[in-house]
Amino acid sequence: MCQLLGMNCNTPTDIIFSFEGFRRRGGITDHHADGFGIGFFEGRGVRLFHDDKPSAQSPVADLVRAYQIKSENVIAHIRKASQGQTSLANTHPFMRELWGEYWLFAHNGHLMDFNPSVGAFYRPVGDTDSERAFCYILNRLRERFPEKPDEAALFAALTELTHEIRAHGLFNFVMSNGDCLFAHASTLLHFIVRKAPFGKARLLDDAVMIDFAEVTTPSDKVAVIATLPLTRDETWQQLAVNELAMFQHGDMVRSDTPQVPVYMSAEEGLEIARAAGVSV
């Protein structure tokens, strides 16, 4: 099953510490070796990097590490293919324009019998269920809202669409327009909000430690979202099964949570993926 990574902050921040542990899951500490991608919002623009090679050995990933780009919203994805061949066209995150903004989307899971009709505005380039879902969401949003709606209406519409699509299978995703970041868990998705007082943390996938107090200011606030926790020495929270959350300026500001929240273990999530025919 693929791995997701997202970051939402109140000030431009580099994601290198989290990305270093994350990229090792693409061929060293895990076997998600069917490509990776990462996108950084900068103002109204996006820096987007894709490679169809494993992230742990990718020169593109080395470039990202050396570049140390700072951004308020980042989405990254390590692919373990379940639908579609290994190619750049099938590599997440996918990007499209809506309401004069770029949107990024990455998906972890497997959607069965999800073949919506071709939309009027957005069409997949590759052949993944993930890109079909992204195009479907944007088509429906654009049909419903010719102009960008307020945040409450946008979240309500995205909640409705998420409920519809997840009926077809596993639909863990992260999505951003550079202002806020949406995250949905069908199975496993964890997050942490780092804010003052900052402490130290060690990566789970590498022998690297950082003291966040040395690289932040007291006003910084950073939310990191990942399929599985990336660090030791920190308390990660978990999105409930079928919970949709919206992060803005480093905080979770909206959530659609089931009345009786259910949280599954990593092994339970992996077993569900195996049962759905997803490589793990």
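This report describes salt bridges in a predicted model.

Residues are numbered from 1 along each chain as its sequence is written. Because the model is predicted, local features need pLDDT of at least 70 and side-chain atom pairs count only at pLDDT 80 or more, while totals for chains, interfaces and linings use all residues; side-chain values use heavy atoms, with hydrogens and water left out.

A salt bridge is defined as a side-chain nitrogen of Lys or Arg within 4 Å of a carboxyl oxygen of Asp or Glu. By this rule, the model contains 9 salt bridges.

| Pair | Closest N and O atoms |
|---|---|
| Glu101 and Lys148 | 2.7 Å |
| Arg144 and Glu160 | 3.4 Å |
| Arg202 and Asp233 | 3.0 Å |

Helices (H or I, at least four residues) and strands (E, at least two) are DSSP runs, numbered from the N terminus. Accessibility is classed as buried (under 20% relative accessible area), exposed (over 50%) or partly exposed (in between), with a 1.4 Å probe and protein chains only.

Glu101 forms a salt bridge with Lys148. The two residues lie 47 residues apart, Glu101 in strand E6 (residues 101-111) and Lys148 in the loop between helix H3 (129-144) and helix H4 (151-166). Glu101 is buried at 18% relative accessibility, whereas Lys148 is partly exposed at 37%.

Arg144 pairs with Glu160 in a salt bridge. Arg144 is partly exposed at 46% relative accessibility, and Glu160 is partly exposed at 42%.

Arg202 forms a salt bridge with Asp233. Arg202 belongs to strand E10 (residues 200-203), and Asp233 to the loop between strand E13 (231-232) and strand E14 (237-238), 31 residues apart. Arg202 is partly exposed at 39% relative accessibility, as is Asp233 at 47%.
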